[in-house]
Amino acid sequence: MTIIAARLRESFPVAVPGLVIVPAAPDLWRVARPGGAVLGHVERRGDGDGVRFAARRYVPGGRPPVQLGEFWSAEAAIELFR
């Protein structure tokens with residue numbers, strides 16, 4: 001018998017008015033406008049004191065997402081989508 005341990009999807013650490021932030025995978029959140037337009041993703045990387053939040057913005061036309069940077073707080077990473 002094989003036991004598979006799945007990590008749970010968590011809510012984003014902060015609420016941001018004007019944005020809908022939903023878990024997409026463990027340590028990954030999809031950022032969208034309330035009307036449904038997806039803006040990008042925020043990903044938690046590292047652990048303990050080394051946790052960072054990386055932001056990626058979608059580009060229209062099927063092009064690869066643009067890496068916006070890594071930040072020491074969820075608040076700083078999500079501010080890029082306002």
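Mentor: Start with the elements. Helices (H or I, at least four residues) and strands (E, at least two) are DSSP runs, numbered from the N terminus. This is a predicted model, where local features need pLDDT of at least 70, side-chain atom pairs count only at pLDDT 80 or more, and totals for chains, interfaces and linings use all residues. Residues are numbered from 1 along each chain as its sequence is written, and side-chain values use heavy atoms, with hydrogens and water left out.

Trainee: Where is Arg56 placed?

Mentor: Arg56 lies in strand 4, residues 52-59.

Trainee: What is the mean pLDDT of the protein chain?

Mentor: pLDDT is the predictor's confidence in each residue, from 0 to 100. Here the chain's mean is 89, and 93% of its residues reach 70 or more.

Trainee: How do I read strand pairing? Which sense does the pairing of strand 3 and strand 4 take?

Mentor: Two strands pair if DSSP finds at least two bridges between them. Strand 3 and strand 4 are antiparallel, with six bridges.

Trainee: How many bridges join strand 4 to strand 5?

Mentor: Six, and these strands run antiparallel. Ala55 stands opposite Gly69 in strand 5. Their hairpin has three residues between the strands, and Gly61 takes a positive phi near 95 degrees.

Trainee: Is Arg56 buried or exposed?

Mentor: Buried means under 20% relative accessible area, exposed over 50%, and partly exposed in between (1.4 Å probe, protein chains only). Arg56 has 17%, so it is buried.

Trainee: What does the side chain of Arg56 make a polar contact with?

Mentor: A polar contact is a pair of N or O atoms within 3.5 Å; within protein, one must be able to donate a hydrogen and the other to accept it, and residues adjacent in sequence count only if both atoms are side-chain atoms. For Arg56, the partner is the side chain of Glu43, at 3.3 Å.

Trainee: Which residues does Phe81 touch?

Mentor: Contact means heavy atoms within 4.5 Å. Leaving out residues up to four places away in sequence, Phe81 touches several residues, among them Leu19, Val42, Arg56 and Leu68.
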